[in-house]
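Here is a short briefing on one protein model. Look at the sequence and the fold, then read the points below.

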Amino acid sequence: MPKIESPIARREFMAGMALLAAVAPALAHAKAAPSPYQPLLREVAQLVIPRSATPGAGEVGVGAFVLLALDHGLEGTKGFDHAAWLKTALGADFLVKPLARRRSALAALDARAFAGDAAAKPWLAIKHLILLGYYTSETGGSKELQYVHVPGRFDPDLPLKPADRAFSSDWTAVDFG
């Protein structure tokens, strides 16, 4: 049997594995520092989609989703700090205002953005991410919206006549013989 030479020496491999075993537990417990905008985005998401028969957007973690999406530049948000802009647009004391004033401040921002006010344009991306986050969450996708794993009905005993053609989406019915 020919001898296979490896570019990695056995000792180097073992040293690397020992280092990984020593560091892995610390990495598993490492967490990123929470964003200072997390409470603001949670509240704003909850105001956009409040609790009804199902939990609201803030309750299902959409605020954290929006922050993650903004960090990754979803919806063309790269290069602009939308969270900081939102805090400025709503006011630094937004979270301590009474609920009615928070709702009216957000409604006014929403109206300005949809009226074409360029200064309020970042709100459109944030609101889109809130809707995206909620309706792709388990709660939004399976409890707020109707969900059928396989739409239509299953009919295992369908009578076929010789002139019937197979369905193109049913590969089990295609007979090439």
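E75 lies in the loop between α3 (62-71) and α4 (82-90). Helices (H or I, at least four residues) and strands (E, at least two) are DSSP runs, numbered from the N terminus. This is a predicted model: local features need pLDDT of at least 70, side-chain atom pairs count only at pLDDT 80 or more, and totals for chains, interfaces and linings use all residues. Residues are numbered from 1 along each chain as its sequence is written, and side-chain values use heavy atoms, with hydrogens and water left out.

- E75 has a relative accessible area of 42%, so it counts as partly exposed. (Buried means under 20% relative accessible area, exposed over 50%, partly exposed in between, with a 1.4 Å probe and protein chains only.)
- The phi of E75 is near 60°, a positive value in a residue other than glycine.
- Most residues other than glycine have a negative phi.

**The whole protein**
- The protein has 7 helices and 0 strands.
- From the N terminus on, its elements run α-α-α-α-α-α-α.
- Of the 177 residues in the protein, 25% are buried.
- The accessible surface comes to about 13300 Å², and 61% of this belongs to carbon and sulfur atoms. (Accessible areas come from the Shrake-Rupley method with a 1.4 Å probe; for residues, only the protein chains shown count as cover.)
- Take the contacts (heavy atoms within 4.5 Å) between residues at least 6 apart in sequence: 62% join residues at least 24 apart.

**Helix α5**
- Helix α5 covers residues 99-114, which is 16 residues. At 1.5 Å a residue it should span 22 Å, and its end C-alpha atoms are 22 Å apart, which agrees. (The expected span is 1.5 Å times one less than the number of residues.)
- Which residues of α5 are buried? They are R102, L106, L109, D110 and A113.
- These residues lie on the same side of α5, because they cover an arc of only 100° around the axis. (The arc is that of the directions from the helix axis to the C-beta atoms.)
- The face turned away from the buried side of α5 carries the exposed residues A100 and R101.
- The cover over the buried residues of α5 includes α2, α4 and α6 (122-135).
- Just after α5, G116 takes a positive phi of about 100°.

**V44 in helix α2**
- V44 sits in helix α2 (residues 38-48).
- V44 counts as buried because its relative accessibility is 0%.
- Leaving out residues up to four places away in sequence, V44 touches L86, L90, F94, L106, W123 and I130.
- V44 and L95 are 51 residues apart in sequence, and 9.3 Å apart in space, C-alpha to C-alpha.
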